[in-house]
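This report considers how parts of one protein chain are arranged relative to each other. The sequence and structure are shown below.

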Amino acid sequence: VASPPPLLATEGLGKRFGHFRALSDVTVGFPEGGITAIIGPNGAGKSTFFNLISGAFPPSEGRVLFRGRDITGSPPHHFARMGIAKSFQITNVFPQLTVRENVRVAAQARSVRFAFFRHRSAYPVLTERAEELLTEVGLASRMDRLARELAHGEQRALEIAVALAAEPTLLLLDEPTAGMSPEETREMMDLVQRLAETRTLILVEHKMKLVMGLCRRLVVLHQGQLLAEGTPDDIRAHAEVRRVYLGK
Ligand code: ADP
Ligand code: MG
């Protein structure tokens, strides 16, 4: 009996910007459950890869498969409908709405295709879901604040709650700790770990140390190519990774 296909896979994925090859021939699979980290130095092609697997733009070559189905070139809302959500670095949050309203609006946006959720009586259901998600990301005490009043780390947590409102199977996060203090970084990594208890996460991160302890697999990109993949132990012991990434 064949094993089930990975939740998400790429085959020969590549991206050119003009004549520049940002990504070449990346074939890799992401299992369902837990966290897989995509690591690599700045400019390695991590964000480009992230944008390709989240449908932000189409690849120049290769394919993206979700549960074995080819979704290459599908529009972004199709990726969302398949259950793939990403947290945007440039945010999706409305600064003048409250924290609660931001997540409720996102939950409503997902739900408009169900007749019930277009009705006024859906309002308390959506509000309740928003409050659950905000509690999950640690913002229970901030629900009545305007989004623009939040601290940087809290804003990032809110962006994640907005992404979760789409009820994704797969959550994609690109450097969620960028620009954070050590304290905020610790809280964000705790949150990432909690989220992965019930969902599949793909986490892009250039600080390898941060993810070694909490992901089950790593994918290492270098100069737009797949350099290595495997468990944290595999990656720690990988001679090429040590050379190009750790400078050892
Ligand atoms: P990472 O996220 O690993 O730091 P990126 O995927 O952002 O790397 O970038 C990989 C390479 O592709 C870099 O050299 C970057 O300058 C280039 N690149 C990324 N996006 C574009 C773009 N829209 N146009 C031209 N070059 C780009
Ligand atoms: Mg990047």
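## Packing of helix 6 and helix 7

In this predicted model, helix 6, spanning residues 152-164, packs with helix 7, spanning residues 182-195. The crossing of the two helices is right-handed.

Helix 6 contributes His152, Gly153, Arg156 and Ala157 to the contact, while helix 7 contributes Glu184, Glu187, Met188 and Leu191. Sorted by class, the residues in this contact comprise three nonpolar, two polar and three charged ones.

## Division into domains

The protein is divided into two domains. Domain 1 is assigned residues 1-82 together with 197-248, and domain 2 is assigned residues 84-167. A distance of 27 Å separates the C-alpha centres of domain 1 and domain 2.

## Contact between the domains

How many residues of domain 1 are in contact with domain 2? Five residues of domain 1 are in contact with four residues of domain 2. On the domain 1 side, helix 2 (residues 76-82) gives the most, with three residues.

The side of domain 1 that touches domain 2 has four nonpolar residues and one polar residue, and no charged residues. The contact of helix 6 with helix 7, by comparison, has three charged residues.

Conventions. Residues numbered from 1 in each chain as written. Chains lettered and ligands numbered in written order. Predicted model: local features only at pLDDT ≥ 70, side-chain atom pairs only at ≥ 80, totals over all residues. Axes fitted to C-alpha atoms, helices over the stretch in contact; angles between N-to-C directions. Helix = DSSP H or I, 4+ residues; strand = E, 2+ residues; numbered from the N terminus. Left-handed = near helix turned anticlockwise from the far one by under 90°. Contact = placed C-beta atoms within 7 Å. Nonpolar A, V, L, I, M, F, W, Y, C, P; charged D, E, K, R; others polar. Domains from an automatic or database assignment.
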